[in-house]
Amino acid sequence: MQTNGVRRATVLVAAFGTLLTALTALTALSPGGSAEDGGARTGGDRGAPARNRHGSPAAVRTTRVPGVGDGLRRRIPAASGQVVVVYGRGKDSAEATLVLYTKRGTGWERTRGWPAHNGKKGWSTDHHMGDNRSPVGVYTLSDAGGVLDDPGAGLPYTQDESFAAPRQWDESHWHDFDYVIAIDYNRVRGTPPNDPSRPEGEQKGGGIWLHMDHGSGTSACVSVSKEAMEYLLRTLDPARRPVIVMGDRVDLKA
C-alpha cells in the first residue's frame, strides 16, 4: 500500500508539473494578444515585449511568421532577417497591431509590438489612388526620412522640412511625418520617401509610409507612436533586408 501511494503521488506531481509548464508557455505566448500575432497586444502595448511569469522578456520563437499564410509567406525574400507584420483588425477597419519579428537561426522571434492604424476604410488587394485603403501585400523597406533630425536610423535617412504636413490640415496631423519609413509600393527604391515617382502610374497610388500616429485611420499609410517609429528607425537594418507584410487578418492568411 505504501508503494502504491508513493507511485500515485509521483504521477500526480508529474502531471501537475506538465500542466504548469503548458500554462506558462501559453501565458508567455499570448499576454493579451493571440498566438497568431506572437502575443501582440491591441491596446496600451507601448512597445513592451511579452513577459513570462517571472517578469523576464519571453523569447517566443516560431518556424513561420505567425498569422501569415503560404501565399504571402512565399513572397518574403529568403534573405530577409527582419519582418514587420501589420495585423489589420478587419477588412473595413482602421485598427491594427504592428509587430516586428527577427530571424534567429531558422526561427522567427517576436521582438516588439505596438497598436497601429491603417487606411481609414480598411484594406484592399487592389489599392488605387484615393480609395483610403491600405494595400495588402509584402513590400521592402529601404528608405526613411522626416522633419526631425536622424534619430540614428539604420536605413538611409533624409531630413527635410518638405516632409511637414500642410498647415491647412487639422492640427492633429501636423506631426504625422516627423518620422517616416517608405513602404516600397509603387515607388523607386533608393530615393527619399517623398520622391514623387510612380513607376506603375498615378492611379496605383503611392507615397505609402510608416509614420507617426494621430489617433485614427490614414489615407493608406500605417501609423504608430513616436516611440515605435524611433525604435523601428534605429532597429531596421538594411543588411537584414527588412520587409513589411500587411493586411487584414483574413487576407494575411491567404
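The mean pLDDT of this predicted model is 85 over the chain, and 77% of the residues score at least 70. Two stretches stand apart from that average. Residues 9-33 have a pLDDT below 50, and this stretch makes 19 contacts in the model beyond near neighbours in sequence. Residues 52-56 likewise have a pLDDT below 50, with 6 contacts in the model beyond near neighbours in sequence.

The secondary structure of the chain consists of 4 helices and 12 strands. Of the 254 residues in the chain, 45% are buried.

The discussion now turns to the pockets. The largest pocket has a volume of about 410 Å³. Its lining comprises 21 residues, and those nearest the centre of the pocket are Trp-169, Phe-177, Ser-219, Ala-220 and Cys-221. Sorted by class, the lining of the largest pocket contains 12 polar, 7 nonpolar and 2 charged residues.

Ala-164 is found in the loop that runs between strand S8 (157-159) and strand S9 (180-183). Ala-164 has a relative accessible area of 30%; because this value falls between the 20% and 50% limits, the residue is classed as partly exposed. The C-alpha atoms of Ala-164 and Asp-176 are 8.0 Å apart in space, while the two residues are 12 residues apart in sequence.

Asn-186 belongs to the loop between S9 and strand S10 (209-212). Although Asn-186 is not a glycine, its phi is positive, at about 50 degrees. Is this residue buried or exposed? Asn-186 is buried, because its relative accessible area is 4%, and the limit for a buried residue is under 20%.

Arg-241 is located in the loop between helix H3 (226-235) and strand S12 (243-248). Arg-241 is a residue other than glycine, and its phi is positive, near 50 degrees. With a relative accessible area of 52%, Arg-241 is exposed, because the class of exposed residues begins over 50%. Asn-186 and Arg-241 can thus be read side by side: Asn-186 has a positive phi and is buried, whereas Arg-241 has a positive phi and is exposed.

Technical notes
Residues are numbered from 1 along each chain as its sequence is written. This is a predicted model: local features need pLDDT of at least 70, side-chain atom pairs count only at pLDDT 80 or more; totals for chains, interfaces and linings use all residues. Side-chain values use heavy atoms; hydrogens and water are left out. pLDDT is the predictor's confidence in each residue, from 0 to 100. Contact means heavy atoms within 4.5 Å. On a 1 Å grid over the protein atoms alone, a cavity is a set of points where a 1.4 Å probe fits but cannot get out, and a pocket is an open set with protein on both sides within 12 Å along at least five of seven lines; lining residues have an atom within 4 Å of a point. Grid points are joined across faces, edges and corners, and a volume is the space filled by probe spheres set on the points. Ala, Val, Leu, Ile, Met, Phe, Trp, Tyr, Cys and Pro count as nonpolar, Asp, Glu, Lys and Arg as charged, and the others, Gly among them, as polar. Helices (H or I, at least four residues) and strands (E, at least two) are DSSP runs, numbered from the N terminus. Buried means under 20% relative accessible area, exposed over 50%, partly exposed in between (1.4 Å probe, protein chains only).
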